[in-house]
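Welcome! Take a moment to look over the sequence and the model, and then we can walk through a few of its features together.

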Amino acid sequence: MKDLFSLAGRVALVTGGSRGIGKMIAKGFVESGAKVYITARKAAACDATAAELSQHGTCISLPIDISTVEGARTLAKAIGERESKLDILVNNAGAAWAAEFDTFPENGWDKVMNLNLKAPFFLTQALAAPLRKAASPARPAKVINIASIDGIFVNPLETYSYAASKAGLIHLTRRMAAKLIADHIVVTAIAPGPFQSDMNIDARDNADGVAKRVPAGRVGTEEDMAGAAIFLASRAGDYVVGSTITVDGGIAFGKGGFEGSSWKMEGAAGA
């Protein structure tokens, strides 16, 4: 039981790991004993986070834009040059876009869909070989997709492509899980609620106000996100296949609505 949640000896990759939810997960993995690679578009931020997390263990920066298939393959090649296998992949990099229905732009649709839905599929595909090499019946490899509660219920904000991408990612998780479990690769997802990040400005800058709309009475913490990810990544989560764990303080299945949230309109790492 003492090793049930340990990640010692495992190699992990967290996309969008320089800040927000990705950084929370990367930190939890590092402190649980994993060798963690993080990637993000902005090299300076990625390098700074890796240096910070390396105080607790091993964290390596690979600043690469994975919003295209070419970018996903470039990242997979970079991992392959450094590691013979990959135990854990966290598809966390994401973007949001809000605009009124009548004026919602095509680039706001394509940017979000490409990063939130297309990238997780093609990055997992590009990393299939090292994931399969790491996988065994006794210790499966893990793919964890970071979705959102906006993929479960309708947020009143007009974030059309974001909501569609996250709902699609939840179902894509099931489809990928059904295929990859035969290779001893377990695919799951996490659907976060309000966490303090650049993606959710309201939770970041108005935590007390947001907490009043959360059944649990608070916004999510580092430990809440890291704990869910460590559970799925470790031996503890080996028999959880294709499921999406909701980490939201009870919003999606409690009050069932989250009025008043603010979203950053540009790409950001996290859900």
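## A patch on the surface

Does Tyr160 count as buried, partly exposed or exposed, and what is its relative accessibility? Tyr160 counts as partly exposed, because its relative accessibility is 33%. You will find Tyr160 in helix H6, which covers residues 160-180.

The mean pLDDT of the protein is 91, and 89% of its residues reach 70 or more.

One stretch calls for care. Over residues 256-271, pLDDT stays under 50, although the model has 68 contacts beyond four places in sequence for these residues. Where pLDDT is low, the predicted coordinates should not be read in detail.

## The buried side of helix H2

Now turn to helix H2, residues 43-53, where the buried residues are Cys46, Thr49, Ala50 and Leu53. These four lie on the same side of H2, because they cover an arc of only 100° around the axis. An α-helix has 3.6 residues a turn, so residues three or four places apart point the same way.

What lies over the buried residues of H2? The cover includes helix H1 (20-31), strand S2 (35-39) and strand S3 (58-61).

## Salt bridges

The model has a count of 11 salt bridges. One of them pairs Lys23 with Glu52, with the closest N and O atoms 2.9 Å apart. This pair links distant parts of the chain, since Lys23 belongs to helix H1 and Glu52 to helix H2, 29 residues apart. Both ends are partly exposed: Lys23 has a relative accessibility of 24%, and Glu52 has a relative accessible area of 37%.

Another salt bridge joins Asp87 and Lys85, whose closest N and O atoms are 3.1 Å apart. Salt bridges that share partners bring Arg139 into one network with Lys85 and Asp87. Asp87 is buried, because its relative accessible area is 3%, while Lys85 counts as partly exposed at 25% relative accessibility. Lys2 counts as exposed at 77% relative accessibility, whereas Asp3 counts as partly exposed at 48%.

Definitions and conventions. Residues are numbered from 1 along each chain as its sequence is written. This is a predicted model: local features need pLDDT of at least 70, side-chain atom pairs count only at pLDDT 80 or more; totals for chains, interfaces and linings use all residues. Side-chain values use heavy atoms; hydrogens and water are left out. Buried means under 20% relative accessible area, exposed over 50%, partly exposed in between (1.4 Å probe, protein chains only). Helices (H or I, at least four residues) and strands (E, at least two) are DSSP runs, numbered from the N terminus. The arc is that of the directions from the helix axis to the C-beta atoms. Contact means heavy atoms within 4.5 Å. pLDDT is the predictor's confidence in each residue, from 0 to 100. A salt bridge is a side-chain nitrogen of Lys or Arg within 4 Å of a carboxyl oxygen of Asp or Glu.
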